[in-house]
Each structure stands twice: as C-alpha cells, then as structure tokens.
Amino acid sequence: MRAVRTALLLAVLFLILFPIAWMALTAFKRPVDLLGLSLFFTPTLDNFRTIFSHPWNIGRTLWNSTVVAALTVLIAIPAATLAAYSFSRFEMRFKTGLFFLILATQFVPAVVVVLPFYLLFRDLGLLDTHWALVIVNLAIVTPFAVWMLKGFLDAVPAESEEAALVDGATRLRVIIDIVVPMVWPGVVVTTVFCFVLTWNEFLFALILTRDDAVTLPVGITRFRTERGDLWELIAAAGILISIPMFFLSSIIQRHFVTGMTGGAVK
Amino acid sequence: MAAIDLHDLTKAWGNFTAVKRQSLAIRDGEFMVLLGPSGCGKTTTMRMIAGLEEPTSGDILIGGQRVNDLAPRERDIAMVFQSYGLYPHMTVADNIGYPMKLRGMGRAEREAAVRAAADKVELGAFLHRKPRELSGGQRQRVALARAIIRRPRAFLMDEPLSNLDAKLRVSTRAEIKHLQHELGVTTVYVTHDQIEAMTLAHRVAVMQGGEIRQLGTPEDIYDQPADLFVAGFIGSPAMNLLAGEIQDGRFTAPGGIAVAVRVAHRGAAVLGIRPEDLRVLPPGQGDVAAAIYTVELTGEATLVTADVGGARLSARADRGFRAGIGSAIGLALDTSRLSIFDPGTTLRIKDAP
C-alpha cells in the first residue's frame, strides 16, 4: 500500500517536474547538444548572452513585463482593497448581485473580446503601449483581487475597527492604520497572485503590442524563426520568466504561515 | 465631561425592535449601568450612544448637543470593548497613544501622555510588548489606558470584564470604579452581571425586551424591585416569590403562610422576600413551619432551601447552621422588607400611606 502510494507520488512528481527540468537543462546547452538526452554536456551561458543582445534584445521585453505587472498591481490592489472592504462591511442594495457581477465580467472568454479591445485601443491611439496592457490587465485582475480580499476581510473581527472609529479615526484612516495591517498576509498573497496573472498574460499582449510594449510571454514566440525553433533560446527566456515566480512563491509561503499564526487578539 | 440624554430612542431591524422608545437622562459624572439579560437591548443602546449604530428614531444628546448625525470620532467619547478591540499589530504604547496620534499630538508629548495613562493602570513595564504577549487582564487594562489617555466627555464600557477569569474580574472591577471616581467622567457601563451593576453603579437601568424596567440606585433596585422581572433578576440566590392572596391586610399562601402586609390591595398577589430576610429558627418558632429540602454551605453563609406547602423558599442562615435534609424548621419573615406584586401587571404594589 505504502509502496503503491510512493510510486504514484513519484509518477506525479515526474510529470510535473520533468518539463521544468528539461527547460532548465536546455537553457545551458549548446545547439549541438540540444537533441541529446544525455545529462552530461558542457554547460554554457551563451544562450543568455544571445537573448540579451541584438537582434533579440530580451532586456526590453523583460522591462515591459515588469512595468506592466507593477503598474497593474499598484493600481489594482488599493482599488480592490477599498471595494472589498465596502462589500465586507457596508450594507447596500443588491449587494449579492453586484458582488457576483464583478466576477461575472470574467465569464466572457478573452478571445471573444480581444478584437473589440483592439479597435478600442487603436482609436484611442494606445496600441503597442504599456497603458493598453495595464488597462486590460486591470480588468482581468481586479475582480479576482476583490473576491480574494473580501474573504480575508470577512475574517477580521470588527471590534478593532470600531475602537479606532471611536478613538477618532476617519473610515479611510481605519482602513490604512488598522484594517490593512491586520489583513496584510492576505494583501501580499493577493498582490502576488495578481502579479503572476499579469506577468503570464499572453493573448492580449500578443494582439495589442507590436514592437515597443511586447512582454516576455509574447517575446518568446519570436524564437520560432524561419530557421526553425531555437529551443535553447526559448528555454533560456523561459528561465527568465520563471525566476520571479520562484521568489514570489516563497513570499506567499512565508505569509501564509504568518497569516495563520497572526490575526486578531482574542 | 457631559450629561447624556436619550429621548424616545428606538432601534429596529426589520420586524425586530431591539430598543423600544427609551428615554434616559444620565447625569454629568454619573456611573450608569445598563443591566439585563442578553438580547435586552443594552448593548444596542450603548452602540447608538457611540455612533456605531444608527437609531431608527429618537434623539441622543451629549452635553446638550444632538449627536445623531455625528460620526463616532466627532462625539468625543471613549469606548472599552468586551474583546478589548486592541490593534494587534501595534505595541502597547502605540495602542494607548493612537487616539492622541489621531489628534496630531507630537511624539514627545504623546510618549509622556502614554506613560501617564499606562502608569495609572500599572502597565508601565509592558509598553513595548504586542497585545498577543499580554494576559487577558493586561489587555483589558491597555483598552482602559487607551480610553483614559484623553479626557473624553464620556466612557462607554461594553461588558469589559466578561472575558476575564473570576478573580481578575473582581480586582479589575475595583480598578474601574476607582478610575471613574478619580477622573469623574460620565460612564455608561453595560453588563449582564448583577454583582457588577450593584458594585459599580451610581444608578442602574434594568432592561428587558428593549425596555428599561427600572431605573434607580442599586439600593432601590435591590430593596424595592419595580416588577417581577427585576425582582427575579437581581440577587443571588434570587428573591423568593410566593403566589397567594391578600384579604383584610393579610397575605396568605398554601403551607400556612400568613403575614400582615401594609398594602391596600386585595385579591391575588405575589409576595417577594429576599433569602437574607428569612430567618431560620428551631421548629415551632417563627411565622411558618417548613421542612428542609437542601442545605448548601457557601462559605460566608449557609443557604437553606425549605419546602413550604409545595413551594420552595431559600433562606440565608448563619454559616454555623447545620441540619439534615427533611428535618423540620421554622421560618421568620422580616415584614419590614416585604415586596408585594400584582400578578396581572407584574408591577410592585406600593405600601399604603
């Protein structure tokens, strides 16, 4: 029984990790070693040098991805926090319906709306700009952020907030001074989630950018050339995309632990 | 410091009315306790005074000023919560100093004020700790210090002792009473614990079903309960209530109970007498013959429950009293301390002049 379980776990682990390991190995291979399955080859950093130099200039797309993801998160999280707080604390007409409607915006498949978005941004002169991607990503990310944050906010007892209101704070001060610090782990987790979603967004970035605002996931497709697929370069760029994710997942892990041990004083 | 006036205050949620047209005048500097079982509207009343709950109708005046439309922060009151309502991510010093920080007091001045407030509640040594590193009693003292750091027009305390253990409750209760006396700030205190009400209050408002059943000093409420609810709610063990009837100035009940009463009322009546106003005597003496149902030693007294014609009466006997269950005794009633109620209206019937 135990042996079966171990074997199953190993199989699943292999399925998950093999592509990543393969990518990691490929990124350090010379083109001649590419199709060999041997684990023994002469590692090289040439692939990374290549993708950062002309004509690939991946540094530019890396910058674009960073700017778009950072701006999106910087706008989405404060806005979503206020929205989630309102849904969590205030009574309003049609509250359940409105709350559902926020998520319902995500029920439309992206492919369906990508063309209208293209026409919209063309007319606004925003095609191939950071702002086009930031706006689109905000529309994707904010509803999720509102839902996630409301869950965290619902778990915070109202007493500390009421104490602050009586102590002389305005509602906004209460949110900044008391509520946000109390749900900080939740804010961090939501931020990371939104960052990852934006960082990996592909379809809109593909349609709405051409040269100046191309992001990493789209940039990678350029390695499929008329000379064939440059797998070693694709793998190197893949590593580049993944590195922030590794760091962010470790942040999430740490905050989930503090999130469970912290919280309100009873 | 200020007087607080409630005029016809009502709070309803849909069909449920938590507070029904209550009026209450709390004097400047008074310690007013709102006492009642859970769900009687006492906490709702307090939350309306604080501005955390909006009244459905009626007016709230603090210091003569109508505050219905003011936000909590504009009412200049301080509140102590049942679960303390501390800021878990701040140190004790920052918790206590937060109201002053909001009022724009400078750092140096604030530190001095924090220290003074913390010393008053003996928290001076804990200023750098976080609330979670404190015991329940210490946490509640942080909440008290946060309330007294500014001189608000009123203190509101919502069952501040109910999360503390029994021993701590007694000592913290004494601290609260002393602080209120020293600062002289108008205080509204909500509790379901009649001992807290008796010990702390200048006046007590006993509430039930969203209404104030009796307003008076602790002595009034204990000695002359206004109705059967107050009579049964105040006192431990509760007041003995005997159903019987009054004819020609005498109250009679099954079991041979017959005492002279000073009310003009005739017909069905309920007689109330506190356990300490019943004297336990040897058999054959006193007003009533009884049999012992049980005897409980509480330490400072012996609690005797006696069977009188099917009704049970509790009496507080001397701590040295010993008797077996079933043995016969006599009971004497202190007729100067009787309460008579009308079973129809449940109201107290006043002595005839």
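Modeller: What follows describes the boundary between the two domains of chain B. This is a predicted model, in which local features need pLDDT of at least 70 and side-chain atom pairs count only at pLDDT 80 or more, while totals for chains, interfaces and linings use all residues. Residues are numbered from 1 along each chain as its sequence is written, chains are lettered from A in the order in which they are written, and side-chain values use heavy atoms, with hydrogens and water left out.

Chain B splits into domain 1 (4–231) and domain 2 (238–341), with bounds from an automatic or database domain assignment. Their centres, taken over C-alpha atoms, are 39 Å apart. In contact (heavy atoms within 4.5 Å) are 8 residues of domain 1 and 8 residues of domain 2. Between them about 670 Å² is buried, 54% of it from carbon and sulfur atoms; buried area is the accessible area (1.4 Å probe) that two parts lose on being put together, summed over both. On the domain 1 side, Tyr222(B), Leu228(B) and Ala231(B) lose the most area to domain 2, together 71% of what that side buries.

The interface has 1 salt bridge, by the rule of a side-chain nitrogen of Lys or Arg within 4 Å of a carboxyl oxygen of Asp or Glu. Asp223(B) and Arg337(B) form a salt bridge through their side chains, at 3.9 Å, N to O. The residues of domain 1 that touch domain 2 comprise 6 nonpolar, no polar and 2 charged, where Ala, Val, Leu, Ile, Met, Phe, Trp, Tyr, Cys and Pro count as nonpolar, Asp, Glu, Lys and Arg as charged, and the others, Gly among them, as polar.
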